[in-house]
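Student: I would like to learn how to read charged side chains in a model. Where do we begin?

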Amino acid sequence: MEEQAKQNQEWRQTREQESKPAPPQAASGLSRRKLLAAMGMAGAGAAGLLYGVDRLPVTAKSKEVEECKTICVGSIAALLTLPEAKRNEAILYQITGYYAGSTVGGGLFHWDAVSTAADDGGTVFAVPGVLSGRFLRIHSGTLTLWDFGCVTAASFDNRERILAALYSNADTIIVPAGQFDSSPIQIGQAASGKRLAGVGFASCLSLIGHMTSSAGLLHFPRVGDPYGGAMTGAANFSIDRLRLRGDQATGTVSTTGLVIYTATHIEVGTLWSHGFYKSGMLIAGLPQHVRISTYYGYDNGNHPTSSTGGQGFAIVSDTNDYPAVHVEYAECWGNGLSNYGQGLDMVRGNATIGTLLAYDNGSSGMKIVNAQNLKIGTLIASRNNKHAGKTFGALYTNGDFGELSIGTFDVDQPAGSGLVIVNSGSVSIGSFRAKNCPSSAITCPLPAGKTATVLIGELEIDSISLTGLLLSAPSSTLHFSANKITMRNIGGAGIIANCHHFYAGEINAYQPQATPVLVTGSYGNFFVSSVTSLADTFIGTVVSISASVSRATILSIRKFGTHSSAIVDNGIDTYAPNNA
């Protein structure tokens with residue numbers, strides 16, 4: 001702790017007491033020609049790497065100097081204690097490291113005698129007691145957290161230094177390998193157009209402190225937002241190859257790794273987010289043009305006192321533009337293990353997702369509440385059953401929603417059913433494969449007055465404990481359609497249909513343990529082109545139609561094995577095939 005305090009004091013001594021960082025007013029006091037001449041051929045090559053050939057600083061004053069030399073200085077603190085005679089525009093200052101004994105955070109500086117730019121602790125340094133004149137860092141536009149005095153010491157709050165870096169005149173801030181602890185960081189408009197990038201998983205920002213209100217480690221705020229937004233957030237900002245950690249913070253309030261609240265043009269390359277009280281990532285408010293390339297959200301919502309659900313990430317957007325949010329690839333696991341956890345909580349808004357993998361979460365792979373339009377290319381949900389006794393589906397609805405479209409949906413070992421629809425909305429799935437479900441592949445117990453549509457191209461169901469499809473909507477409107485349904489090893493009835501409209505092009509049942517197709521109610525139309533069933537032990541019928549069913553049509557029924565009959569028909573106005 002004494003060493004941390006010493007470093008902190010040393011860093012603060014290098015800065016003027018400014019309330020907010022600001023970029024320097026002058027880039028350099030040396031001409032490009034003089035700088036190259038002073039550095040020689042080798043130095044010119046180094047400068048090219050620092051600046052790029054066309055980005056070497058140009059003079060702000062066109063001042064001629066007779067000669068230029070380089071002085072090596074051990075640290076920033078040593079630089080600021082140089083006597084006045086050694087503060088000269090004809091001298092370049094090569095700093096070994098930000099702190100004494102360090103080899104990171106140094107770099108090349110020059111003296112600008114007329115600059116009054118604000119000291120930002122990284123690119124601009126003011127000498128204590130000197131009003132006019134600044135040491136200015138020579139750089140290409142890319143700097144690191146080391147260059148602003150950040151340290152990896154445990155529990156050391158780097159927040160002020162990280163913000164100084166983001167508000168500096170650098171275009172890109174690199175987070176080196178290592179863990180940099182910080183209290184919540186609200187990224188304001190002054191950081192617009194910047195890029196925050198790590199080197200991979202090893203580049204970590206970790207939330208510290210005792211939280212008394214909802215907070216995000218990295219937060220693009222809106223004034224008054226639920227996460228303590230105190231300003232307008234940055235726009236045109238990008239994040240890449242960075243890991244966010246939340247399990248070091250204390251308190252019993254919602255914390256999130258990345259909060260994007262009413263931000264525009266936010267780009268995320270690769271991001272890991274884990275250990276937060278609530279979610280790894282939240283996109284909310286009125287976001288526009290938010291693009292996530294690769295996201296990993298894990299071990300969130302697992303605090304012993306968490307009680308509101310934990311997610312890999314959540315979208316709570318009020319933007320009507322489509323799509324306001326696009327996620328190319330997301331992988332979420334281990335969230336809300338004892339807290340109703342999901343991979344994705346899609347509460348509101350419009351979004352497109354290329355691929356979503358959700359596994360080993362508390363109760364579901366994905367929850368959809370009041371989303372307007374969500375399109376997913378591939379959704380894979382596996383073993384989302386870790387919260388004992390919570391039998392939600394791999395994908396379940398918790399509110400009236402708009403349209404949900406999924407190209408390929410694979411479910412294995414959910415807590416309850418593969419797909420659960422209990423609210424109004426429309427679902428279309430190209431290919432749906434469900435296996436090892438303790439309840440059903442699809443459950444639609446629609447309450448009275450609700451209207452839902454389920455359209456599936458090809459449905460494959462295997463090893464279901466109870467019912468393959470449970471469509472129960474006697475007092476609501478449910479339209480179900482599937483081109484092809486294949487069922488294997490179903491413990492109970494294959495299909496129980498009690499809905500307004502049911503259509504299936506082809507139904508195939510293998511080794512049923514009960515009636516493959518049980519029609520208990522149809523209030524509009526029940527139509528199946530063909531039903532085929534092969535049974536080795538089940539003796540009952542292939543199709544059973546109850547007395548409450550009207551206008552049922554089945555064009556073909558084929559039975560093989562031990563079935564006693566093709567159809568038992570007690571319905572009204574049923575069209576049964578001749579071979580039944």
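Tutor: Start with accessibility, and keep in mind that this is a predicted model. Asp-318 has a relative accessibility of 40%, so Asp-318 counts as partly exposed.

Student: Which residue forms a salt bridge with Asp-318?

Tutor: That partner is Arg-348, and the closest N and O atoms of the pair are 2.8 Å apart.

Student: How many salt bridges does the structure hold?

Tutor: There are ten. One of them joins Asp-410 and Arg-433, with 2.9 Å between the closest N and O atoms. Asp-410 is in strand S24 (residues 403–412) and Arg-433 in strand S26 (residues 425–437), so this pair ties together parts that lie 23 residues apart in sequence. Arg-433 has 32% relative accessibility and therefore counts as partly exposed.

Student: How far apart are the closest N and O atoms of Arg-245 and Asp-247?

Tutor: They are 2.5 Å apart, and the two residues form a salt bridge. For the accessibility class, the cut-offs matter: under 20% is buried and over 50% is exposed, with partly exposed in between. Arg-245, at 22%, is therefore partly exposed. Asp-247 falls in the partly exposed class too, at 44%.

Student: Which residues are linked in a network of salt bridges?

Tutor: Arg-195, Asp-240 and Arg-241 are linked in this way.

Student: Now take a charged residue without a salt bridge. Is Lys-194 buried or exposed?

Tutor: Lys-194 is buried, and it has no salt bridge. The nearest side chain of opposite charge belongs to Asp-171, 6.2 Å away.

Student: What does the side chain of Lys-194 reach at 2.8 Å?

Tutor: It reaches the backbone oxygen of Leu-166.

Student: Where in the fold is Lys-194, and which residues does it touch?

Tutor: Lys-194 lies in the loop between strand S9 (185–186) and strand S10 (195–198). Leaving aside residues up to four places away in sequence, Lys-194 touches Leu-166, Tyr-167, Ser-168, Ala-170 and Asp-171, along with Asn-236, Phe-237 and Ser-238.

Methods: Residues are numbered from 1 along each chain as its sequence is written. This is a predicted model: local features need pLDDT of at least 70, side-chain atom pairs count only at pLDDT 80 or more; totals for chains, interfaces and linings use all residues. Side-chain values use heavy atoms; hydrogens and water are left out. Helices (H or I, at least four residues) and strands (E, at least two) are DSSP runs, numbered from the N terminus. Buried means under 20% relative accessible area, exposed over 50%, partly exposed in between (1.4 Å probe, protein chains only). Lys and Arg count as positive and Asp and Glu as negative; His and the chain ends are not counted. A salt bridge is a side-chain nitrogen of Lys or Arg within 4 Å of a carboxyl oxygen of Asp or Glu. A polar contact is a pair of N or O atoms within 3.5 Å; within protein, one must be able to donate a hydrogen and the other to accept it, and residues adjacent in sequence count only if both atoms are side-chain atoms. Contact means heavy atoms within 4.5 Å.
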